[in-house]
Amino acid sequence: FAEQQETQRYFDETGRAHLIVGELLATLDVEQGGELARNLSAIYVYCMRCIIEASPADTGKLLEAERHIGRIAGAWRQATDELRTQTASAMAAEAVA
């Protein structure tokens, strides 16, 4: 019974991951976003395929998808940190002027 629950949990979680990556893909504006959007689209499609190809006995594909999505998340964090720093610097310069 416990093994059946774990298998069901695996499929629930991979289904959830597939939906999340699918939503990321669906919200891309490839026409307006140019090369960056096309590259993200290709990565998201690949990650969705990895999620589908994974199995409870072989989760290597899930780890690969996680690695790609993790890199994208890291890039977003870096970009927002840099934007915050630039905004704070600009606001401080305006306050002095």
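Arg84 is exposed, with a relative accessible area of 56%. Exposed means over 50% relative accessible area, buried under 20%, and partly exposed in between (1.4 Å probe, protein chains only). Arg84 lies in helix H3. From Arg84 to Arg16 the C-alpha distance is 31 Å, across 68 residues of sequence.

This is a predicted model, in which local features need pLDDT of at least 70, side-chain atom pairs count only at pLDDT 80 or more, and totals for chains, interfaces and linings use all residues. Residues are numbered from 1 along each chain as its sequence is written, and side-chain values use heavy atoms, with hydrogens and water left out.

Helices are DSSP runs (H or I, at least four residues), numbered from the N terminus. Helix H2 covers residues 30-53 and spans only 26 Å between its end C-alpha atoms. A straight helix of 24 residues would span 34 Å. That expected span is 1.5 Å times one less than the number of residues. H2 has a kink of about 80°, centred on Leu36. The bend at a residue is the angle between axes fitted to the seven residues ending there and the seven starting there.

**Packing.** The buried residues of H2 include Gly34, Ala37 and Ser41. The buried residues of H2 pack against helix H1 (2-26) and helix H3 (60-96). Contact here means heavy atoms within 4.5 Å.

**The core.** A nonpolar core is a set of buried Ala, Val, Leu, Ile, Met, Phe, Trp, Tyr and Cys residues joined through side-chain atoms within 4.5 Å. The largest one has nine residues: Val21, Leu40, Tyr44, Cys47, Met48, Cys50, Ile51, Ala65 and Ile72. H2 and H3 are the elements that give two or more residues to this core. H2 supplies the largest share, six residues. In soluble globular proteins, nonpolar side chains tend to be buried together.

| Residue | State | Relative accessible area |
|---|---|---|
| Cys47 | buried | 0% |
| Cys50 | buried | 1% |

Leaving aside neighbours within four places in sequence, Cys47 is in contact with Val21, Ala65, His68 and Ile69. A disulfide is a pair of cysteine sulfur atoms within 2.5 Å. By this rule the count is zero. The cysteine sulfur closest to that of Cys47 belongs to Cys50, 6.0 Å away, so it is too far for a bond. Cys50, likewise, is in no disulfide.
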